[in-house]
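Have the viewer open as you read.

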Amino acid sequence: MKRNKLIFLVSGLAIILLLAGCGKKSANTQKITIGASAVPHTEILKHIQPALKKEGVELDIKTFQDYVLPNKALASGNIDANYFQHGPFLKEWNEKNHGHLVSAGAVHLEPIAVYSKKYNSLKELPKHAKILISNNVSDYGRVLQIFRDAGLITLKKGTDLTKAKFSDIAKNPKQLQFKTGYEPKIMPQLLKNKQGSAEVINSNYAVQAHLNPQKDAIATENSASPYSNIVAIRPDEKNRPAIKKLMKELKSKSTQKWIKKHFKGAVAPVEIGRAHV
């Protein structure tokens, strides 16, 4: 009887110690819930999950299919961070929604590109060619820059590309028709159906549609673009240790190398030391 009592006490003590150990591990683990676009953002985050786990950070990824909900979810506190947008987009969102979201740092650039099933270059575009563009206003300056650099249009003096609209075009010799208002995610389908003379597509949606900006596009955004994709957070999260670990891993040399290899140039990592956007 005494022996059974001793076994019971020892077993009970072992269970208590095990539970205490589990509690200690849980207390040291920090959780980040982050919203992201499917490609390339979610893929990049999944790649760094194991490394973050070793650092004591559990990364819970919520995938969004649009550009509207991630900032709303972050501002309302439903997620801790998001990773889907560039700096000018965040700035515009804050202005329109009286928001205060900030950048935790720039991670990569998704070169926006022009695609066509009818023409092999921008210079081949005929007069009155119809160029289909998404409803993402913050990308309009990027589009204008591509066509300006190709010599097809000029812009009004003093135009700020981060705020530019198509009304800022000064000269348009070919009278190109820039048609805006399409949902970004349907742009690859418009290209497939040859709806326009050319379509402008963001790289994340291009990659999902098995398009490679380097091989399939007839014109691609300049690599000096300021439109790097960022991780956005609420201001009070800036000094949170888990967020700092997240950014350190996203901007590490190993992650940069993986991005280059995995996306084959369709996504370009921001160089270490570059200023945050």
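In what sense do S4 and strand S12 (residues 229–233) pair, and over how many bridges? The two strands pair in the antiparallel sense, over five bridges. Please keep in mind that this model is predicted.

S4 also has a partner in S13: two bridges join these strands, which run antiparallel. Histidine 108 has a bridge partner in each neighbour, namely asparagine 229 in S12 and proline 269 in S13. Six of the eight residues of strand S4 (residues 102–109) are buried, so S4 is largely enclosed by the rest of the structure.

Zooming out, the open sheet has six strands in the order S2-S1-S3-S12-S4-S13, with mixed pairing. Its edge strands are S2 (57–64) and S13 (268–269), each of which pairs on one side only.

| Pair | Direction | Bridges |
|---|---|---|
| S1 and S2 | parallel | eight bridges |
| S4 and S12 | antiparallel | five bridges |
| S4 and S13 | antiparallel | two bridges |

Now for the helices. The axes of helix H2 (residues 38–54) and helix H10 (residues 253–263) come within 11 Å and cross at roughly 135°. H2 and H10 are therefore oblique to each other, and the crossing is right-handed. H2 contributes Val39, Pro40, Glu43, Ile44, His47 and Ile48 to the contact, while H10 brings Thr255, Trp258, Ile259, His262 and Phe263. By type, the residues of this contact are seven nonpolar, three polar and one charged.

Note on methods. Residues numbered from 1 in each chain as written. Predicted model: local features only at pLDDT ≥ 70, side-chain atom pairs only at ≥ 80, totals over all residues. Heavy atoms only, no water. Axes fitted to C-alpha atoms, helices over the stretch in contact; angles between N-to-C directions. Helix = DSSP H or I, 4+ residues; strand = E, 2+ residues; numbered from the N terminus. Parallel < 35°, antiparallel > 145°, perpendicular 65-115°, else oblique. Left-handed = near helix turned anticlockwise from the far one by under 90°. Contact = heavy atoms within 4.5 Å. Nonpolar A, V, L, I, M, F, W, Y, C, P; charged D, E, K, R; others polar. Pairing = 2+ DSSP bridges. Buried < 20%, exposed > 50% of the residue type's maximum accessible area, 1.4 Å probe, protein only.
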